[in-house]
Amino acid sequence: MSVKPNKTQASEASVEAFLARLEPASRRADAEDLAALMARVSGEPARMWGPSIIGFGVRRYRYESGREGEICQVGFSPRKGAFVLYVTGQARDNPKVAALGKVTTGKGCIYLKRLADIDLSRLEAMVADSFPRA
């Protein structure tokens, strides 16, 4: 039996070109600021994962079923309704997530409308926590 490849994979697509296409300008500016924050804190370059996720670093995972793959260590997607943040290990009941500010959560992600709605220093700390230093 063949194993299907993971749907979301790293690509060579241009992060800059993706960001340049975002509308309105305020959403593009927030996305650029978020990308700069994640790059600075993680020390990793931005890379496209799938058609709409900007990710930093690589994390290997393995499910109990044996399925495994790679995904970005942290990342975000500037979706039409909200920014979706993917930050390793941030469960919806984590008090650090609630302390961010005006956010909602899903199973493994954090949703926010604008960067102005959250405490950026707390987000920086969460991103830093996703990249443990030896």
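Helices α2 and α4 are oblique to each other, a class that holds the angles left over when those under 35 degrees count as roughly parallel, those over 145 as roughly antiparallel and those from 65 to 115 as roughly perpendicular. The model is predicted, and local features need pLDDT of at least 70, side-chain atom pairs count only at pLDDT 80 or more, and totals for chains, interfaces and linings use all residues. Residues are numbered from 1 along each chain as its sequence is written, and side-chain values use heavy atoms, with hydrogens and water left out.

**First stop: two helices**

Select residues 25-42, helix α2, and residues 120-129, helix α4. Helices here are DSSP runs (H or I, at least four residues), numbered from the N terminus. Two packed helices are described by the angle between their axes and the distance between the axes. The axes of α2 and α4 come within 9 Å and cross at roughly 45°; each axis is a line fitted to C-alpha atoms over the stretch in contact, and angles run from 0 to 180 degrees between N-to-C directions. The crossing of α2 and α4 is right-handed, that is, the near helix is turned clockwise from the far one by less than a right angle.

Next, display the side chains of L34, L37, M38, R40, V41 and S42 in α2, and of L120, L123, E124, V127 and A128 in α4, which make the contact (heavy atoms within 4.5 Å). These residues divide into eight nonpolar, one polar and two charged; Ala, Val, Leu, Ile, Met, Phe, Trp, Tyr, Cys and Pro count as nonpolar, Asp, Glu, Lys and Arg as charged, and the others, Gly among them, as polar.

Select E32, which is found in helix α2. E32 is partly exposed, at 40% relative accessible area (buried is under 20%, exposed over 50%, partly exposed in between, with a 1.4 Å probe and protein chains only). Its C-alpha atom is separated by 9.9 Å from that of L22, 10 residues apart along the chain.

Move to P24, in the loop between α1 and α2. The peptide bond from E23 to P24 is cis, with omega near -5°. Most peptide bonds are trans.

Then select A17 in helix α1 (residues 15-20). A17 is partly exposed, with a relative accessible area of 32%.

**Last stop: two rings**

How many aromatic pairs does a search of the whole structure find? The search finds one. Select F76 and F83, whose rings form a tilted pair, 6.3 Å centre to centre with 50° between the planes. Rings of Phe, Tyr and Trp (its six-membered ring) pair if their centres lie within 6.5 Å; planes under 30 degrees apart count as stacked, over 60 as edge-to-face and the rest as tilted. F76 is buried at 0% relative accessibility, and F83 is buried with a relative accessible area of 0%.
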